[in-house]
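Okay everyone, thanks for coming. Let me put the structure up on the screen, and then I'll walk you through a few spots in it.

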Amino acid sequence: MSILCATHFSDAAQRAATAAAELARKMDEPLFLVHVLPGDLSRAFGQPLVDTARAALTDEVRRLEKLGARVSHQLLTGESAVELARFAEEKGVSLVVTAGPTSASPFLGLGGTVDRLATTLPVPLLVVRDAEPFEAWVKGERPLKVMLGVDRSQTYMVARDWVKGLRKYGAVEVVAARVYWANEEYERFGLPHPMVFQQVTPELSRALEQEVRSLVTSLDAEGQPVRVRLEPGLGRIADHLVAIAADEKADVVVVGTHQRRALGKLWSVSHHALRLAKMSVVSVPVMTERTVEGVVPTLRSVLVATDFSDTGNQAIPHAFSLLPGGGTVHVLHVSDKVVDREREQELKQRLQQLLPRDAEGHGRKVELLVLSDGSSATAILKTAERLSVDVICVGAHGISGLKKALMGSVAQEVMTRADRPVLVVRPPRA
């Protein structure tokens with residue numbers, strides 16, 4: 001693997017090349033310094049322009065080699081984004097580095113080379129606006145401060161994994177920011193709405209904090225815990241993330257991207273972050289074919305629901321079997337009737353009687369929950385969101401007939417709507 005730095009020899013491009021050289025030295029990777037001559041200019045000015053560009057590349061390589069990097073250079077001709085993407089794929093580079101669009105660029109670089117690179121590159125793109133933090137990080141003078149926007153999307157997962165990989169090379173201080181619309185989150189978590197529009201209750205804050213913590217657990221490191229910041233907002237998420245990054249004095253913002261084009265860019269967080277951020281930005285593409293590293297996920301919490309039927313009850317021991325190393329099992333019953341305090345205690349006693357004998361062994365914790373809701377599936381899903389569990393476990397009734405009945409209506413709806421793994425326990429064959 002290697003690093004590619006695109007340059008057009010401006011002051012900003014030199015700063016980006018410096019950052020690329022420092023990173024290449026830190027990661028012990030070779031660095032390609034590439035300049036792309038537009039085809040029309042090359043045809044118009046011929047060999048003198050080519051010679052001038054090669055001389056400039058040679059001078060820049062000498063400067064970067066003094067920083068300790070292993071540098072080679074390449075002069076290409078054609079459309080910049082297309083040629084750089086092709087070269088990156090051909091050489092198998094792991095990161096492309098470039099300078100950001102200047103303030104004089106039309107629409108902050110909309111449609112420019114950086115914008116086009118972000119939608120075509122098969123590898124992460126680092127847009128450098130200040131090289132000093134990278135230089136200080138490489139020298140071990142201070143941690144690199146990274147701002148990471150958190151949600152449950154695939155784009156977040158690839159951004160998180162990239163930051164996790166960066167920690168192999170030095171101290172990285174991570175700020176995890178969660179931008180949310182309060183009214184939407186009350187609905188998702190199944191929490192009561194307050195009387196005041198966009199008011200944030202302690203219950204909502206706790207649910208969001210728990211969810212974010214579960215999503216950044218793999219980034220926590222000894223002496224380098226992730227700091228969580230929750231931010232209510234309206235409008236574009238990117239505007240809020242950039243503002244939080246500025247307030248936190250982050251060195252770099254890391255975002256995942258689906259590499260949307262045309263009108264899809266209107267709601268793209270990565271697109272607007274690349275354009276608007278005053279600090280460096282890394283855009284990590286979601287690959288259609290990602291390399292599977294074979295990392296086994298660690299399960300820390302399970303939600304199991306039962307309707308007190310034989311099949312529903314059989315799901316409970318299966319839920320405990322998912323946490324042999326400890327964690328929390330949330331055991332839920334959803335009543336179709338209003339439950340008063342006395343009835344709630346009776347139902348919790350029934351749940352208690354269904355627990356395995358070693359339920360609280362091996363470091364496991366148990367929480368019993370009774371809810372009243374018109375829809376069991378909706379209550380299960382909202383509870384899973386609110387508790388931020390790793391897995392949902394439900395029983396399916398083996399009734400013959402329609403597919404819905406065959407699966408069990410609640411189990412089928414949970415499987416259809418859930419955005420996390422679901423274990424469905426089928427009854428034994430008669």
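So, leaving aside its neighbours within four places in sequence, which residues is Ser80 in contact with? Keep in mind as we go that this is a predicted model. Ser80 touches Val36 and Thr113, once you set aside those sequence neighbours. You'll find Ser80 in helix H3. Is Ser80 buried or exposed? With a relative accessible area of 19%, Ser80 comes out as buried, because the cut-off for buried is under 20%.

That contact with Thr113 takes us to a helix pair. Helix H3 covers residues 80-91, helix H4 covers residues 113-120, and the two pack at an angle of about 40 degrees with their axes 9 Å apart. That angle makes H3 oblique to H4. As for handedness, H3 passes H4 in a right-handed crossing. Who makes the contact? On the H3 side you have Ser80, Ala81, Leu84 and Ala85, and on the H4 side Thr113, Arg116, Leu117 and Thr120. Sorted by class, this contact of H3 with H4 has four nonpolar residues, three polar and one charged.

Gln259 sits in the loop between strand E9 (252-257) and helix H10 (269-276). Not counting residues up to four places away in sequence, Gln259 touches Ala118, Thr119, Thr120, Leu121 and Pro285. Take Leu121: along the chain, Gln259 and Leu121 are 138 residues apart, yet their C-alpha atoms are separated by 8.8 Å.

Okay, salt bridges. Side chains of opposite charge can pair when their charged atoms come close. How many salt bridges does the structure hold? The number is 32.

Let me pick out Arg229. The side chains of Arg229 and Asp247 meet in a salt bridge, at 2.7 Å from N to O. That pair links distant parts of the chain, with Arg229 in strand E8 (residues 227-232) and Asp247 in helix H9 (residues 237-248), 18 residues apart. Asp247 has 47% relative accessibility, so it counts as partly exposed.

Arg229 also has a salt bridge with Glu248, where the closest N and O atoms are 2.9 Å apart. Glu248 lies in helix H9 and Arg229 in strand E8, so this pair ties together parts that are 19 residues apart in sequence. Glu248 and Arg229 are both buried.

Now for a pair within one helix. Glu346 forms a salt bridge with Arg343, and the closest N and O atoms there are 3.2 Å apart. The two are three residues apart in helix H12 (residues 341-353), so about one helical turn separates Glu346 and Arg343. Glu346 is partly exposed at 39% relative accessibility, and Arg343 is partly exposed too, with a relative accessible area of 37%. Elsewhere on the list, salt bridges that share partners join Arg152, Arg178, Glu185, Arg188, Glu211, Glu385, Asp419 and Arg420 into one network.

Last stop, helix H11, residues 310-321. Which residues of H11 are buried? They are Thr311, Gly312, Asn313, Ala315, Ile316, Ala319 and Phe320. And what covers them? The cover includes strands E11 (301-305), E12 (327-335), E13 (364-372), E14 (391-395) and E15 (422-425).

Conventions:
Residues numbered from 1 in each chain as written. Predicted model: local features only at pLDDT ≥ 70, side-chain atom pairs only at ≥ 80, totals over all residues. Heavy atoms only, no water. Axes fitted to C-alpha atoms, helices over the stretch in contact; angles between N-to-C directions. Helix = DSSP H or I, 4+ residues; strand = E, 2+ residues; numbered from the N terminus. Parallel < 35°, antiparallel > 145°, perpendicular 65-115°, else oblique. Left-handed = near helix turned anticlockwise from the far one by under 90°. Contact = heavy atoms within 4.5 Å. Nonpolar A, V, L, I, M, F, W, Y, C, P; charged D, E, K, R; others polar. Buried < 20%, exposed > 50% of the residue type's maximum accessible area, 1.4 Å probe, protein only. Salt bridge = Lys/Arg side-chain N within 4 Å of Asp/Glu carboxyl O.
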